[in-house]
Amino acid sequence: MRAPLDQRSPWPGIAGLLISLWLALSIEAVAARLFGSGAPFPNFVLIALFIWSIRRPFFVSPPLVLAAGLAHDLFSGGPLGIWALAYLAAFTIARDREADGSGADFGPMAARFTVLTAVATLGAWAAGSASTGFPAPLGGLITEGVLTILVFLAFGWAFARRKERTAFY
């Protein structure tokens with residue numbers, strides 16, 4: 001039987017968070033180099049941040065969200081600050097950490113992620129439009145948002161099923 005969460009060392013969780021964010025950022029960088037920065041590709045950084053905000057909410061703080069957004073901008077080759085602003089806005093507006101509970105309820109978790117993705121996508125569009133001075137094309141961002149939600153449904157479903165099977169996580 002595992003020790004309660006408050007008695008376990010936080011370092012394995014922090015290492016898991018950093019490794020998963022690094023993998024998500026690496027996938028983003030490879031996709032941007034192979035397909036170009038304008039090609040729609042699932043936002044694995046947003047998925048990783050959301051799942052970790054359910055698994056260990058105290059790890060996903062605003063400075064980490066800001067750093068992940070800035071790294072996403074650097075790795076994808078986009079203007080600096082667009083995804084950082086979008087992630088901060090999305091996590092500020094669309095996250096209700098108390099409502100997520102253990103993460104075993106897939107329906108509410110998927111609905112909250114859908115709202116989070118919509119806010120992040122609109123935030124990225126608004127920041128991108130403001131940085132260029134004219135409205136950015138919205139089609140690619142909408143496709144990216146839909147792809148992100150579809151990929152999350154697979155990850156989220158597996159995460160929720162795992163949370164149902166384990167008594168102590």
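**Exercise 1.** State how many residues helix 4 has and how far helix 4 reaches from its first C-alpha to its last.

*Solution.* Helix 4 has 13 residues. Helices here are DSSP runs of H or I with at least four residues, numbered from the N terminus. The expected span is 1.5 Å times one less than the number of residues. For helix 4 the expected value is 18 Å, and the helix reaches 18 Å from its first C-alpha to its last. The model is predicted: local features need pLDDT of at least 70, side-chain atom pairs count only at pLDDT 80 or more, and totals for chains, interfaces and linings use all residues. Residues are numbered from 1 along each chain as its sequence is written, and side-chain values use heavy atoms, with hydrogens and water left out.

**Exercise 2.** List the buried residues of helix 4.

*Solution.* Buried means under 20% relative accessible area, with a 1.4 Å probe and protein chains only. In helix 4, I82, W83, A84, A86, Y87, A90, F91 and A94 are buried.

**Exercise 3.** Describe how helix 4 and helix 6 pack.

*Solution.* Two packed helices are described by the angle between their axes and the distance between the axes. Axes are lines fitted to C-alpha atoms over the stretch in contact, and angles run from 0 to 180 degrees between N-to-C directions. Between helix 4 and helix 6 the angle is about 145°, and the axes are 8 Å apart. Next, take the residues in contact, that is, with heavy atoms within 4.5 Å. On the helix 4 side they include W83, A86, A90 and F91, and on the helix 6 side they include L116, A120 and A127. By class, the residues of this contact are 15 nonpolar, three polar and one charged.

**Exercise 4.** Explain why helix 2 is described as largely enclosed by the rest of the structure.

*Solution.* Helix 2 has twelve residues. Eleven of the twelve are buried, so helix 2 is largely enclosed by the rest of the structure. Among the buried ones are F44, V45, L49 and W52.

**Exercise 5.** Identify the residues that touch the most other members of the largest nonpolar core.

*Solution.* A nonpolar core is a set of buried Ala, Val, Leu, Ile, Met, Phe, Trp, Tyr and Cys residues joined through side-chain atoms within 4.5 Å. The largest has 39 residues, and V45, L49, F113 and L116 touch the most other members. Helix 2 gives the most to this core, with ten residues. Not counting residues up to four places away in sequence, F113 touches L46, I47, F50, T148, I149 and F152.

Definitions and conventions. Buried < 20%, exposed > 50% of the residue type's maximum accessible area, 1.4 Å probe, protein only. Helix = DSSP H or I, 4+ residues; strand = E, 2+ residues; numbered from the N terminus. Nonpolar A, V, L, I, M, F, W, Y, C, P; charged D, E, K, R; others polar.
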